[in-house]
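Subject: Structure handover

Hello,

Here is the structure for your files. My notes on it follow below.

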Amino acid sequence: MTPHIEAKKEDVAATVIMPGDPLRAKFIAETYLDDYKLINNVRGMLGYTGTYKGKRVSVMGSGMGMPSIGIYSYELFKFYDVDTIIRVGSCGAYTNQLDLYDLILVTSSYSESNYAYKQSGNADHILYSDSELNKIIKKTANEKNIKIIEGVIHSSDVFYAEDNNYQELYDKYHCLGVEMESFALFHNAKQLNKQAACLLTVSDSLVTKEMTSSEERQSSFTSMIELALESL
Ligand code: HPA
């Protein structure tokens, strides 16, 4: 047990699929997994372990923002011997080249966050997902005919920014959009010698101001979740 996870070590699989919303973790377990059981409910951060087409997998919420995913991913990697975390989340688009529901495979995260520096003295502001893991995800997407767009994402500490400089971040770092977790996840994986990847569905656009409803989001997440699970 850790301060935030009550699961027994042997009840956590080597690979964890991690949505932000714990209720989405519940939905994934109930919809896709066989023989699943609840392994965590501390602070309502639901986690389950089951099998998908015979492969053992855990699915657990990360909460929103880098401090939250920073805690859960660190504890899973360090104390539960998890090897691989695949984040499945949503993002806001920084370019009108992206449509709502497009699926992004994050190759790197740009962030102005202090998370990496505070955690380990790492002063980088661009951190990378695992290239081997990405190769598997790309191959799987190809086989399943799921369209993915690869690129850089902005990992932000602030949802409600007064001055949203998205055009600058797009021009300078080629950030396709914004979410709030991948930078801390990639950092923890690198620091602890583990693997992390991140798939994101476009849920809104900062350019066109379009938004998806929460019900629409639920169903649009299907191909992203299936891609993560099939990549197992
Ligand atoms: N900002 C930050 N995180 C997000 C957004 C956004 O617009 N959309 C989905 N995750």
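Which backbone oxygen lies 2.7 Å from a polar atom of the side chain of S231? The backbone oxygen of L227 does. A polar contact here is a pair of N or O atoms within 3.5 Å; within protein, one must be able to donate a hydrogen and the other to accept it, and residues adjacent in sequence count only if both atoms are side-chain atoms. S231 itself belongs to the segment after α7 (214-230), and with 11% relative accessibility S231 is buried. Buried means under 20% relative accessible area, exposed over 50%, and partly exposed in between (1.4 Å probe, protein chains only).

Before the rest, two notes on the source. This is a predicted model, in which local features need pLDDT of at least 70 and side-chain atom pairs count only at pLDDT 80 or more, while totals for chains, interfaces and linings use all residues. Residues are numbered from 1 along each chain as its sequence is written, and side-chain values use heavy atoms, with hydrogens and water left out.

The ligand

Around the ligand are S90, C91, G92, F159, V178, E179, M180, S203, D204 and L206; a residue is near a molecule if one of its heavy atoms lies within 4 Å of it. By class this shell has 5 nonpolar, 3 polar and 2 charged residues. Ala, Val, Leu, Ile, Met, Phe, Trp, Tyr, Cys and Pro count as nonpolar, Asp, Glu, Lys and Arg as charged, and the others, Gly among them, as polar.

Strand β5 gives the largest share of the shell, 3 residues. Helices (H or I, at least four residues) and strands (E, at least two) are DSSP runs, numbered from the N terminus.

A side-chain N or O atom of D204 is 2.8 Å from a ligand nitrogen. For G92, a backbone N or O atom is 3.2 Å from a ligand nitrogen, and for S90 a polar backbone atom is at 3.4 Å. The ligand taken alone exposes 260 Å², of which the protein buries 87%; accessible areas come from the Shrake-Rupley method with a 1.4 Å probe, and for residues only the protein chains shown count as cover.

Backbone angles

N145 is not a glycine, yet has a positive phi of about 60°. N145 is in the loop between α4 (131-144) and β8 (149-155) and is exposed, at 72% relative accessible area. H174, also not a glycine, has a positive phi near 60°. Its loop runs between α5 (166-173) and β9, and H174 is exposed at 53% relative accessibility.

Regards
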